[in-house]
Amino acid sequence: AVRCGTMDSFDVGALASEPLVVFCVATAGKGEFCGNGRNMFAKLQERSDLSLSDLKYCIFGLGDSHYWGKGTEESKFNFAKPARDLDDMLEKMGAQRMMPTGFGDDQDTDQYHTGFAEWKGQLFSRLGVDKADAAGGGDDGPVKTDEQIKVETKQLRGSMKESLDDITTGQIPFQDTKLIKSHGSYQQDDRDLREERQKMGVENAFSFMIRVRLPGGFCTAEQWIAMDDICQNFANGTLKITTRQTWQACMDTLAACGDVCRNVLCTSRPDVCSKELHAEILHYTYDIHDHCLPRSGAYHEIFLMQGDEMAEKIQIMGSTPVEEEPLYGLTYLPRKFKVAVAIPPSNDVDLFAHCAGFIAIIQNGKLLGFNVAVGGGLGFTHNNQKTHPRLADVIGALEELCRKYVCECILTVARDFGDRTGRKHARVKYTVEDYGPEWFKEQVEDRLGFKLEPAKSYKLEHRGDLHGWVKASDGTWSCGLLIPIGRVKIAEELSGKEKANDSAKKPIIQKLLDEYKVMHSKETTVSGLRRNMVACPKLSQRREEARKFSGVALPTCPLAFAEAERYLPTLVERLEAVADKVGLSQEDIVIRMTGCPNSCGRPSMAEIGFIGKAPGTYNMYLGADFVGQRLNTLYAESVNEDQIIQILTPIFGRFAQEREKSEKFGDFLIRKQIVKP
């Protein structure tokens, strides 16, 4: 009889009666046990009287030999340290090591798989089951790659409908967790509850993050209310406004995630141009978005009603499902494809962080065309030199207003030349870097059938959100709200009137804003740091750390090394005290934090950026420019809160005393060579 469970779910006192235990131990943080194993090890340390002379054991340890720097003593010391510590502890208690400990290294070409295959082969041989395993009775075979899954699931159908209809479990199978991303959702679970639920013998508290399709970030008051109702009735009562102008909530989620063209962004500030011109540019944004949608009927079959009702809904959505994807084929794209449209002087969409970008060229109130940019992206993997952030290159201009076809050509070049052998090197930015921007431009022009024009001049001056009231060219009013970290829990009467149609409604909305204390003016007591802070909802699995932070976010992201959304306001509060002492409380400084190097909060484009390394520990980056046209630089590795304050305090002091007129914080750091670009 074989039992499988987490280390913490096992009774330490019962180890002596076990004939054989096989441990698989991962590494968290700085050579620490993972959250579901540290309690067992602590209890073992307390049981010095425990004799395990009748126990046989073996261990497989997972780690990253370069996590704390290539070749450093710290990396050598912490590599798979929990597995080695457990091995030493069991040996001291008299347990018999059945075979040498095996190791899987993230730095290997296929990460842990090679090391695990060798170790598993030795284990099965020792157990005398190697022949049965070779005959196919040992396991379900190798994990299928994303490319295999896309090919074998009949245009993203797979077993999704059957899995979602299965009410005996709150989760879906592993392969479907890959597939559901293409339909705008991610399976998650509450990491704070894992240990408790495992002890109770029940499955994790699973949930699904839903990301909607919202081109240009535009939604009606009715849509807002509908989304809020769903969040109140079926979720945790909040919406998360993302850096990509959408909600992690309801509405349709077609192409909101997955290896396709995602939600297309457009500058949302109503003060950058006339309302009529903004509507024209938003129209082109919708053109790009609709043109690049996948055409598979899988989404409709899985999530919408069958028969006539389904056909009616499909017609409403403006999508006609087909069996063969005209743009994406069977394997879709190597990775996700992100597009943004910027209207100077605003860069509120962080255009250069996207696979494809379009910069509106406006003269005398008329739209002349767009500059075209390709090859941006910020995600990377710690200590993997093949991955890194990259800003997009402007490759030319387009006077013809046919951007959707230009976007299609950029997309198909990525489809045909992107790296499909390794997903960490599959984004468009690596294709542009590997082949060169000029080569990529030529490929696009060949598919277009004409040459792009030379890039036109433009100027970006800011990328923050609008705060306060602004009057449009047609006399209507809009009000930009200050929503820290993008987390919204709001009253229905306000959400139903978030967009005023005439001056008579403005006092009504102002009264509601005041009544509910909704921040909406730059002249409020909110600091410049707090106005410009962005954090992803990644949360660490360390419960004792999580308890220090308040907020409505749940610890559901499985990728986080450290807290972000629940922690950044706490750090900013300490930095506000430092800034206030030197007269910088109202200075706009872009500060961003993300819990892992996937960089959902875009920390690489912040004047002060933080990327989680371990619970309570971050890499700190400095020196990006204020408008989003320069990346920052790693300044300090693996620093905690006190060290962050200690480092930034003298830098803030120098900035206050030595800055030139109107000089921004990031530019000051470069000019004074505090960091190098």
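Which helix holds both Asp-165 and Lys-161, and how many residues apart are they? The points below take this up along with other contacts.

1. Basis. This is a predicted model, in which local features need pLDDT of at least 70, side-chain atom pairs count only at pLDDT 80 or more, and totals for chains, interfaces and linings use all residues. Residues are numbered from 1 along each chain as its sequence is written, and side-chain values use heavy atoms, with hydrogens and water left out.

2. The opening pair. Asp-165 and Lys-161 both sit in helix H7 (residues 160-165). They are four residues apart, about one turn of the helix. Helices here are DSSP runs of H or I with at least four residues, strands are E runs of at least two, and both are numbered from the N terminus. Asp-165 makes a salt bridge with Lys-161, with the closest N and O atoms 3.3 Å apart. A salt bridge is a side-chain nitrogen of Lys or Arg within 4 Å of a carboxyl oxygen of Asp or Glu. Lys-161 is partly exposed, at 34% relative accessible area. On this scale buried means under 20%, exposed over 50%, and partly exposed in between (1.4 Å probe, protein chains only).

3. The structure holds 34 salt bridges. In one of them, Arg-463 pairs with Asp-350, the closest N and O atoms being 2.8 Å apart. This pair links distant parts of the chain, 113 residues apart. Arg-463 is in the loop between helix H16 (437-448) and strand S13 (468-471). Asp-350 is in the loop between strand S9 (337-342) and strand S10 (356-363). Both Arg-463 and Asp-350 are buried.

4. A helix-to-helix pair. Arg-574 and Asp-642 meet through their side chains in a salt bridge (2.8 Å, N to O). Arg-574 lies in helix H21 (residues 568-581) and Asp-642 in helix H22 (residues 641-658), so the pair ties together parts 68 residues apart in sequence. Arg-574 is partly exposed, at 32% relative accessibility.

5. A network. Salt bridges that share partners join Asp-146, Glu-147, Lys-150, Lys-178, Asp-259, Arg-420 and Arg-423 into one network.

6. Thr-285. Leaving aside neighbours within four places in sequence, its contacts (heavy atoms within 4.5 Å) include Gly-216, Val-264, Val-341 and Arg-403.

7. Lys-92. This residue belongs to helix H3 (residues 81-92). Lys-92 counts as exposed because its relative accessibility is 73%. Its C-alpha atom is 9.9 Å from that of Ser-53, which is 39 residues away along the chain.
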